Amino acid sequence: MAKKANEKQEKPIEVSLWESANKLRGSVEPSEYKHVVLGLIFLKFVSDKFEEHRSKLIADGKEKYVEMPEFYNMSNVFFLEEISRWNYIKEKAKQDDLALIIDTALHTIEKNNKSLKGALPDNYFSRLGLESSKLASLIDEISEINTLKDKEQDIVGRVYEYFLSKFALAEGKGKGEFYTPKSIVNLIAEMIEPYKGIIYDPACGSGGMFVQSIKFIESHHGNKREVSIYGQEYTNTTYKLAKMNLAIRGISANLGAKAANTFSDDQHKDLKADYIMANPPFNQKDWRAEDELIDDPRWRGYDVPPKSNANYGWILNMASKLSENGVAGFILANGALSGGGEEYKIRRKLIENDLVEAILVLPRNMFYTTDISVTLWILNRNKTQRTVQVGDEIRNYRHRKGEILFMDLRQMGEPFEKKFTQFSIEDIRRVAATYHDWQTATIETHGRASQHGRASQREVFNIPEYCYSASHEEVEAKDFSLVPSKYIAFKNRDENIDFDEKMKTLQAEFKELLQAEEQSKLELIKVFKELGYGIE
């Protein structure tokens, strides 16, 4: 029996979670699965941490302190009253009031731990009306999960990402609920190096950007107390997930007083951030009414972003919140690189204001909820010469004014869960090293910046099918397009082909083929009818 139990314990957490969710079929809407399981996973996780620390206190001869909250809080472990401990819940799992027992456990934890205020579900399980027998089966399944086995401790984010992927069609697409894959967040962190200061995410989701920022600081032997975290999230349930996700790590954050729309109810109006990391919803339509936000101070000096697409609203929101030395790394759909109308005017102004520092096109299939290739933008308000210390390393940044680094990463990545792609550690190191080498490269000749000096430096970062350092004059010549393929050389491609024009041509041809196919079907149906054979 022990061997069988151990074999079950070794299941991947995703398999166990899916089995847990299957027990809810017919009783709960699929869109509720992740919230039910996450609430219980949280209870199991904080209880496991509590029991682990309790055992340590006993082993250290401090048994008389095991019921004193202070001896848990000092180690960023939540103290749990007996009614909030997993073993207590498991013992009561066969009772008819199990839902109330779970709600009471969650309420008690939130009441006793200020960092969890507004984070945990309020009477959620009682309101759900789930059969006690199915809830008990779920308790049994989750009891088999070792929540402490994953040393990364990104339990909430991992669970959220997994369940979002399973129900992407039902609830993810079109709602902006995108959990940013860890390897992309790691890449952004390694590039912009959020080592010390204020970090902001205007669409923070379940808080993954913040988690990886803290891990970056810790990996470079920094002090996470020297970082202040600010974020905002529109969806109330996701807002709670973010607070939960950060609280279990002891990460202090200001996510605003409530879940709110970043555009219409900015929770951090006067914020100036040193680092911005974000993955805002792609291509949001009708994000503002025709006469709303026209005079918003966030677009001062720029055209008003079109209401048909929020991409440039997000860009200007982030640009407006950069401190005088601020840098932002964020993900957007590729369409933002070359849009017309107001988007063109804003993009041109951003370039002319020397805010755009780097554009990186990423591989496809990196997200659970979309298979499209997306772009990583780097905005930098301070391209002047300065010295920055990151951990034990001191970097001397040179003048990179009037240039943009374009990178194409579509050939990078390794398989992840069969059909997905993620950056390897080596990929991240190479890309970050290229970016930082470009930033720190000397472009002065005999103490003066010269056109010859700039040209020779750009040649160093002109690697076919990988990167190209373009001057603003070159970007202007391309009508301020930020599509990397317009600048990076490709060995197996005719340089005279205009990518955008070619895609428009292919789109038109494909449309004609579909129309022809439809016409052929109609004619074939007509022939069969004339022969006396109807086709439904």
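Rings of Phe, Tyr and Trp (for Trp, its six-membered ring) pair if their centres lie within 6.5 Å; planes under 30 degrees apart count as stacked, over 60 as edge-to-face and the rest as tilted. Ring pairs join Phe-263, Trp-287, Trp-299 and Trp-314 into a cluster. The count by this rule is 13 aromatic pairs.

This is a predicted model, where local features need pLDDT of at least 70, side-chain atom pairs count only at pLDDT 80 or more, and totals for chains, interfaces and linings use all residues. Residues are numbered from 1 along each chain as its sequence is written, and side-chain values use heavy atoms, with hydrogens and water left out.

| Pair | Centres | Planes | Class |
|---|---|---|---|
| Phe-50 and Tyr-72 | 4.7 Å apart | 20° | stacked |
| Tyr-124 and Phe-125 | 5.5 Å apart | 90° | edge-to-face |

Phe-50 and Tyr-72 link distant parts of the chain, 22 residues apart. Phe-50 lies in helix H3 (residues 33–59) and Tyr-72 in helix H4 (residues 70–73). Helices here are DSSP runs (H or I, at least four residues), numbered from the N terminus.

Buried means under 20% relative accessible area (1.4 Å probe, protein chains only), exposed over 50%, partly exposed in between. Phe-50 is buried at 0%. Tyr-72 is buried at 0%. Tyr-124 is buried at 12%, and Phe-125 is buried at 2%.

Now the helix contact. Tyr-312, Ile-315 and Leu-316 in H14 meet Glu-343, Ile-346, Arg-347 and Leu-350 in H15. Contact means heavy atoms within 4.5 Å.

Technical notes
Helices (H or I, at least four residues) and strands (E, at least two) are DSSP runs, numbered from the N terminus.
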